[in-house]
Each structure stands twice: as C-alpha cells, then as structure tokens.
Amino acid sequence: MIVYACLSRLADGIPLSATTDFASDADVRVREGKRCVKLLSKQLSELGKRVCLQAEEITIHCVVDDCTAYMVVCEPNYPHILAFSFLDELMKEFNVLYTSSVVKSVRRPYAFIEFDTFLQKTRQKYSSTRALASRLNLAEMTTDLNLHPPSYMKMHQLEPPPSSAPSPPCTTSPHIPKSLGLSNGTIANGVINKDISMVGVALKLKPVPWYGWLGIVFAVVCVLLDIYRGAVAINMSSLEELDGPSPWHGIFFLTEMLLQILQVHMLRKYNKFRKLGTLGCTIFVVILNGFLLDRYKELEEK
C-alpha cells in the first residue's frame with residue numbers, strides 16, 4: 001500500500017504539497033518516509049528522471065519534470081509499475097492546475113496544500129493493487145519503464161557516513177609537548193592534525209640499508225680519530241706559547257666528533273627536524289675541516 005506522498009520543488013527541495021493524514025503520522029514508516037524524502041529532495045537535481053530508493057521497511061519512488069519532483073512512499077512489496085503509474089497521474093493533474101512559472105514563484109512551504117484533495121483521492125484509488133491492476137491499462141507504462149528504467153539507490157548512498165563530516169582542526173595547546181613527533185600527529189602551518197588511529201603506536205623508521213650501515217661504520221671511525229686528535233691537540237697546546245698549536249684545534253676536533261655522533265643518532269631515530277639537522281651538521285663539519293686544513297698548512301709553512 002501507499003504510505004505517504006508529497007511534491008517538492010526540484011531546484012531547492014521546498015515542499016509544495018503532501019498527504020495530510022494525521023492519524024498515520026504515528027506510524028514508524030511514515031516518519032521514516034518523511035525523513036528519507038527530505039534527504040532525497042536535496043539530491044534530486046543530480047539524479048535521473050525516475051528514482052527508486054530502497055530501504056528496510058519502505059520503498060520510495062520518485063519522478064521529476066522540469067521544476068517539480070513527485071515522490072511516493074510505499075511498502076517494499078508494492079508493485080513498482082503501480083507506484084510510477086500513481087506518480088504519473090499526479091504529474092499530469094498538477095501540470096494542468098499549475099504552470100512552471102507559478103511553481104518557481106513559490107516562497108513558502110506547502111503553498112499548494114489544496115492539491116492534497118487529489119492526492120488522497122488517488123491514494124485511495126491505488127490502495128487495492130489487485131482490483132486496480134485489472135482496471136488500469138498498464139501497457140504504456142510498462143513500455144515506458146522498459147525504455148527509461150529508474151535509477152535504484154540504497155539508504156547508505158543517500159545518507160553521508162558519519163566520518164565524512166569535517167572535524168574542526170586541533171590547535172596547539174599548552175599541554176601538548178613540543179617534541180610532538182610522527183607517532184602523535186603531524187604539524188603543518190601551526191595546526192596539529194591528530195591521527196586517532198596512530199595514538200599509542202610507536203612508529204619506526206625503515207630498516208637502515210647496507211650503505212647506511214657503511215656510513216655509520218665510517219662515522220664511528222671518524223669519531224674515534226677526532227677524539228684522539230682532539231685530545232692530542234689540547235695536550236700539546238699552550239695559551240702562553242703564541243707560536244705553538246692553539247687549543248682551538250682540539251676543540252674543533254671534539255666539536256666535529258659531536259656533530260658526527262648527532263648525525264648517526266638522527267639516522268637511527270626519527271625526528272621531525274632530521275633533514276634540517278643533518279644538513280646543518282654536514283655544513284659545520286665541512287667548515288671545521290676547512291679551518292683545520294688551513295691552520296695545518298700555516299704550521300707546515302712555518
């Protein structure tokens with residue numbers, strides 16, 4: 001049977017007329033049908049001329065013309081051909097009574113509530129499916145449906161998923177640690193975007209490849225050499241001997257040793273500034289080596 005029927009404007013979904021059976025408003029199917037009709041009205045301009053929305057307890061059939069959408073809520077076992085025949089009668093009668101310009105000029109909901117009389121009359125006519133099928137000539141409607149079949153939809157296609165709603169960005173707060181890394185979220189343009197799926201998960205870097213381990217070995221060797229050369233340079237230096245080796249040579253060796261240890265640490269452990277830190281360490285190591293090379297050339301000339 002037909003549960004509920006209504007008309008709405010295609011452009012903005014404003015309701016134009018509907019069945020006003022207040023006794024059936026307490027029915028769960030009627031309430032569910034009205035909710036689905038309201039959702040469907042917002043998307044009709046993007047759908048085809050005929051739409052069939054299938055839910056658990058109801059089925060909604062819809063037909064649209066230039067500026068009006070005609071919808072009927074039926075029980076799931078109600079024949080599709082009778083539902084579309086019902087909507088076809090509504091569309092023909094409505095177009096006789098109201099023109100497109102009148103529909104477009106409407107500014108308040110249910111402006112054509114007087115059309116409810118025809119809605120109720122036609123609804124009663126289509127209540128008995130067996131008697132109605134023997135009286136109506138459905139051959140033309142059957143042919144039209146075969147040539148222009150409706151688009152079938154499910155409720156999950158009509159209702160947006162809960163996760164699709166945009167969540168407000170989480171701004172930095174005093175209780176958030178400054179050393180926020182990849183495991184707690186990512187920082188971009190001063191906004192912290194939390195990834196709830198990653199909370200409590202310790203993220204790790206990819207395993208170090210063979211050439212990475214080779215670089216670590218060379219770095220360890222250079223660290224040991226820097227410690228030895230730094231200790232020897234500081235031991236041989238003297239602030240009183242102006243012509244002797246300066247203690248800064250040993251300090252530079254030890255500083256270079258610390259920078260190389262920092263590079264190995266950033267290779268093994270993630271840090272959001274690892275690329276910038278690695279570049280800075282490399283530049284300082286090159287500067288220190290250049291300074292030490294110049295000083296040794298001066299000492300050899302002397």
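Is Cys36 buried or exposed, and what is its relative accessible area?

Modeller: Cys36 is buried, at a relative accessible area of 1%; buried means under 20%, exposed over 50%, and partly exposed in between, using a 1.4 Å probe and protein chains only. This is a predicted model, where local features need pLDDT of at least 70, side-chain atom pairs count only at pLDDT 80 or more, and totals for chains, interfaces and linings use all residues. Residues are numbered from 1 along each chain as its sequence is written, and side-chain values use heavy atoms, leaving out hydrogens and water.

Cys222, in contrast, is partly exposed, at 33%. Searching the whole structure turns up zero disulfides (pairs of cysteine sulfur atoms within 2.5 Å).

Now look at helix 1, residues 28–41; helices here are DSSP runs of H or I, at least four residues long, numbered from the N terminus. The side chains of Glu32 and Arg35 form a salt bridge there, 2.8 Å from N to O (a Lys or Arg side-chain nitrogen within 4 Å of an Asp or Glu carboxyl oxygen). These two residues sit three places apart in helix 1, so about one helical turn separates them. Glu32 is partly exposed at 28%, and Arg35 is partly exposed at 35%.

Lys92 counts as exposed, at 54% relative accessibility. Across the whole structure, the search finds six salt bridges.
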